[in-house]
Amino acid sequence: MATPDKPDNVASLPRIFPPWLDRWQMRYMNPVVKPLARYLPGASIIKHRGRKSGKPYETVVTTYRKGNVLAIALGHGKTDWVKNVLAAGEADVHLFRSDVHLTNPRILPAGADGEGLPWLARVQGRRLAVFVADIT
């Protein structure tokens, strides 16, 4: 079955995780990991608002930082948090012990030149899309 071609088409980005894992992770893993994220290296919480409802959300992500650039590999494709942050144009992230504000969010497609990104984000960017934003 073909999916309509629209800007927030989830199938438009490569995924390495199956959809059932997304549901399982949201229901069971995220509630367990969220309180621990402040102590886990690389784990961060991105705070964003719903595109339509305006409801605040918090999502656990693995971030890579280099200078004033934050990168997140999109192994699950273009998920709701990605769509929300792109629509709002900003978000807040709780990194290990600090809160930062993100602006200028964008997606680098898989295989794009990731110059200026952290090494692990560049390696993952060979096969996956990478969410990139500037830290202000």
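Residues are numbered from 1 along each chain as its sequence is written, and side-chain values use heavy atoms, with hydrogens and water left out. As the model is predicted, local features need pLDDT of at least 70 and side-chain atom pairs count only at pLDDT 80 or more, while totals for chains, interfaces and linings use all residues.

Strands (E, at least two residues) and helices (H or I, at least four) are DSSP runs, numbered from the N terminus. Strand E1 covers residues 43-49, and five of its seven residues are buried, so E1 is largely enclosed by the rest of the structure; buried here means under 20% relative accessible area with a 1.4 Å probe, protein chains only.

On one pairing, E1 runs antiparallel to strand E2 (residues 56-62), with seven bridges joining them; two strands count as paired if DSSP finds at least two bridges between them. Ile-45 sits opposite Val-60 of E2, and His-48 has Tyr-57 as its bridge partner. Six residues lie between the strands of this hairpin, and Gly-54 takes a positive phi near 75°. E1 also pairs antiparallel with strand E5 (residues 90-94) through three bridges, where Lys-47 faces Asp-92.

Zooming out, the open sheet has seven strands in the order E2-E1-E5-E6-E7-E4-E3, with antiparallel pairing. E2 and strand E3 (64-66) are the edge strands with a single partner each, so one side of each has no neighbour in the sheet. From one strand to the next, the twist averages 35°, with axes fitted as lines to C-alpha atoms and angles running from 0 to 180 degrees between N-to-C directions.

Terms used. Buried means under 20% relative accessible area, exposed over 50%, partly exposed in between (1.4 Å probe, protein chains only).
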